[in-house]
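Dear colleague,

I am handing over the structure below, together with notes on what was found in it. Please read the notes with the coordinates open beside you.

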Amino acid sequence: QEINRRTVDPAAAEMLEYAESAKMSTAWDRYKAQQPQCKFGLTGVCCRICIQGPCRIIPTKAGMDKGICGADVYTIVARNLVRYIAGGASAHSDHGREIAYTLLAVAEGHAPDYKITDKDKLMRVAKRVGVETEGREVLEIAKDVAIKALEDFGKYDHDPCTWLYTTIDEERKAKFKQTTIAPTAIDRSIAQLLHQTHIGVDADPVNIIFGGLRAALSDYTGMSLATDITDILFGTPVPVLTEANLGVLDPEKINIAVHGHNPLLSQMVVYAARELEAEAKAAGAKGINLVGICCTGNEVLMREGVPTATNFGSQELAIMTGVLDTMIMDVQCIAPGVKDICDCFHTLLVSTSNIAKIPGSYHVEFKEATAMEDAKKIIKLAIEQYAKRKPELVKIPPYKKQVVGGFSFEAMMDLFGKINPDSPISVLTDAIMAGEIKGVCAFAGCNNQKTVHDDPGLTIARELAKRDIFMVSTGCMAGAFAKAGYLSSEGVEAYAGPGLKKFIKRLEENSGLKASLPLVFHMGSCVDNSRIANLWTAMAQNLGITVPQLPFAASAPEAMSEKAISIGSWVISMGIPTHVGVLPPLEGSELVYGVATQIAKDVFGGYFMFETDPMKAAEIIAEKIEKRAWKLK
Ligand code: BF8
Ligand code: SF4
């Protein structure tokens with residue numbers, strides 16, 4: 001589909017032409033080379049769960065309508081689907097676990113380079129999860145919070161996970177209890193799901209899907225505790241001013257990209273870079289320029305104002321500028337293809353995690369006990385690398401946009417609180433009830449080669465803006481918006497409908513901030529989708545309604561990863577209609593497709609809307625939001 005239209009990001013377009021002329025292969029070329037993709041795989045009907053397979057189902061062909069073991073197509077499609085969720089939940093929650101371990105290490109004095117930065121948040125979280133705060137030392141409290149978080153991974157009682165049940169409303173708690181999908185331990189729900197989908201265990205597609213939703217809620221649990229503890233360690237984001245797109249790379253400075261997800265590393269790189277400015281200057285550069293790629297980029301954008309270079313889809317292109325001296329990777333969403341491009345330039349690829357290595361890259365193991373030393377070691381490598389730059393290969397596309405980011409849930413409440421200090425969230429809900437804005441849409445998720453890079457998200461956002469829908473974003477969609485100017489007032493001027501514009505301008509006049517507010521509010525990385533869940537929970541509580549009654553929708557216009565599937569699955573379980581702009585492999589079973597798009601609505605109030613045409617998708621999303629707003633009134 002649209003193989004020849006590749007991106008709407010001008011910097012990416014320029015680099016793609018360059019890649020073509022220089023015969024460097026990118027994800028775009030490899031996507032093309034993969035066509036046509038296997039129909040069995042595309043529709044989810046290929047089973048490889050045991051090695052009698054692969055079994056490929058053709059429902060209309062006698063004998064091929066079932067797998068060798070007798071599994072029906074609905075069993076196979078459902079199993080394949082939920083195994084994505086298991087992958088996504090394990091990635092997000094393992095990230096959360098590392099953060100929780102670091103908080104424990106801080107409390108016990110084993111992580112000298114980290115500290116409690118946001119004591120107020122620690123106290124708020126402690127109270128919420130039932131840790132005693134009265135008359136206790138900060139580190140004692142931190143230790144108990146860390147242990148409570150770690151217990152959510154493997155506790156052996158049968159109570160729902162703490163970070164799930166202390167962050168949602170009563171109605172959802174009852175719903176999850178009644179449908180038996182509340183996880184009691186994150187690891188158990190993932191392991192059980194793999195067990196449930198082993199050959200010869202569960203053949204009931206609905207039961208399999210419910211197992212999947214339990215793991216999806218543990219994905220939520222893991223990211224919710226990750227967000228909380230990251231804020232405790234590094235500070236809760238407040239509005240910051242920065243920039244995005246390849247034009248943020250500076251030919252006169254040492255350019256270092258942090259790529260991946262874990263802020264334990266990227267945040268330490270930020271601190272270390274500040275300390276090594278003088279060394280960079282001694283090497284003849286004007287200083288160190290840190291930039292972000294993917295979600296760890298979002299983490300340091302939110303807290304430190306580090307500019308974003310690219311999102312997932314265009315990650316290889318940053319290297320082609322010839323000025324990226326080092327790319328530091330940790331875990332998740334680092335395309336192995338970056339190494340081939342590094343080989344064409346002087347860029348050093350540094351891996352830091354023992355579970356994420358790329359052959360040929362330089363490995364510096366990053367440990368929490370020696371975090372600052374490790375981060376400095378990597379930056380010194382980058383400084384050495386700078387001398388190897390080839391001036392004839394320098395080519396930076398001259399595109400960048402201003403970004404106003406840093407909208408944590410707390411920052412949003414501060415902003416609303418400037419207008420109504422007694423009930424900040426009312427500022428948003430009142431505007432909806434008055435019809436000034438129609439509702440809220442949250443954008444999340446990745447880039448996917450099956451779409452035109454960045455286009456679907458931008459198109460949908462423009463259409464929703466016109467219809468006065470308030471918008472927030474995380475992940476690589478926030479990256480797309482950042483690069484296009486939607487995270488600054490430029491977006492407001494260009495696309496906001498009259499009601500939305502009035503609303504944003506009112507917030508702006510009262511904000512006390514120097515910068516003007518954006519069209520889309522950047523709420524963070526993908527694990528920070530928990531912040532968006534806090535937002536809809538607060539809105540529902542304020543209006544005295546359930547989450548499924550809220551005029552609130554979500555969209556993952558370019559969903560790609562297992563993590564995105566996992567997020568989408570808990571978002572619908574929470575009661576939010578969710579658009580996905582690519583077709584996940586479930587068309588092979590009408591039953592499973594029906595559960596995802598219709599039955600889910602009856603049970604949870606949330607459901608998937610699959611639509612690959614962005615204009616039509618915008619129409620559908622707006623209609624769902626408007627209908628809910630109308631019912632509310
Ligand atoms: O966790 S949006 S491509 S970078 S998976 Fe990956 Fe998708 Fe980007 Fe962030 Ni999220
Ligand atoms: Fe085939 Fe059944 Fe094995 Fe799947 S589990 S590969 S359907 S025999």
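How far apart do the C-alpha centres of domain 1 and domain 2 lie? The two centres are 30 Å apart, in a chain whose domain assignment gives domain 1 (73–234), domain 2 (246–393) and domain 3 (401–632); such bounds come from an automatic or database domain assignment.

This is a predicted model, in which local features need pLDDT of at least 70 and side-chain atom pairs count only at pLDDT 80 or more, whereas totals for chains, interfaces and linings use all residues. Residues are numbered from 1 along each chain as its sequence is written, while chains are lettered from A and ligands numbered from 1 in the order in which they are written.

Domain 1 and domain 2

Across this boundary, 12 residues of domain 1 are in contact with 13 residues of domain 2, where contact requires that the C-beta atoms of two residues, placed from the backbone, lie within 7 Å. Helix 4 (73–108) and helix 10 (205–234) each supply at least two residues of the side of domain 1 that touches domain 2, and the largest share of that side, six residues, comes from helix 4. Helices (H or I, at least four residues) and strands (E, at least two) are DSSP runs, numbered from the N terminus. By class, this side of domain 1 holds six nonpolar, four polar and two charged residues, with Ala, Val, Leu, Ile, Met, Phe, Trp, Tyr, Cys and Pro counted as nonpolar, Asp, Glu, Lys and Arg as charged, and the others, Gly among them, as polar.

Overall fold and core

The chain has 26 helices and 16 strands, and its C-alpha atoms fill a box of roughly 70 × 60 × 55 Å along the principal axes. For 633 residues a compact globule would have a radius of gyration near 26 Å, and the 24 Å of the chain agrees with this; the radius is taken over C-alpha atoms, and the globule rule is 2.2 Å times the number of residues to the power 0.38. Of the 633 residues, 59% count as buried, a residue being buried if 20 or more other C-beta atoms, placed from the backbone, lie within 10 Å of its own, exposed if 12 or fewer do, and partly exposed in between.

The largest nonpolar core has 218 residues, of which Leu-103, Val-145, Val-269, Ile-379, Ile-469 and Met-471 touch the most other members; its largest share, 17 residues, comes from helix 4. A nonpolar core here is a set of buried Ala, Val, Leu, Ile, Met, Phe, Trp, Tyr and Cys residues joined through C-beta atoms within 7 Å. Leaving aside neighbours within four places in sequence, Ile-379 is in contact with Ile-256, Val-269, Ala-272, Ala-273, Leu-276 and Ile-288.

The two ligands

Which residues are closest to ligand 1? Among the 15 residues that surround ligand 1, the closest are Cys-295, Cys-333, Cys-446, Gly-475 and Cys-526, a residue being near a molecule if its C-beta atom, placed from the backbone, lies within 6 Å of it. Helix 13 (294–304), helix 20 (475–484) and helix 24 (562–573) are the elements that give two or more residues to this shell, which draws at least three residues from each of domain 2 and domain 3 and divides into nine nonpolar, five polar and one charged. Of these elements, helix 20 has 10 of its 10 residues buried, so it is largely enclosed by the rest of the structure; Gly-485, which follows helix 20, has a positive phi near 85°.

Ligand 2 is surrounded by 13 residues, the closest being Cys-47, Cys-50, Gly-53, Cys-55 and Gly-67, and its shell has nine nonpolar, three polar and one charged residues.

Backbone points to check

Most residues other than glycine have a negative phi, and most peptide bonds are trans. A cis peptide bond joins Gly-53 and Pro-54, with omega about 5°, and Pro-54 lies in the loop between strand 1 (46–47) and strand 2 (55–56). Another cis peptide bond joins Gln-35 and Pro-36, with omega about -10°.

Cys-333, which is not a glycine, has a positive phi of about 70°; this residue sits in the loop between strand 7 (324–329) and helix 15 (337–344) and is buried, with 24 other C-beta atoms within 10 Å. Asp-454 likewise has a positive phi, near 70°, and is buried, with 25 other C-beta atoms within 10 Å.

With best wishes
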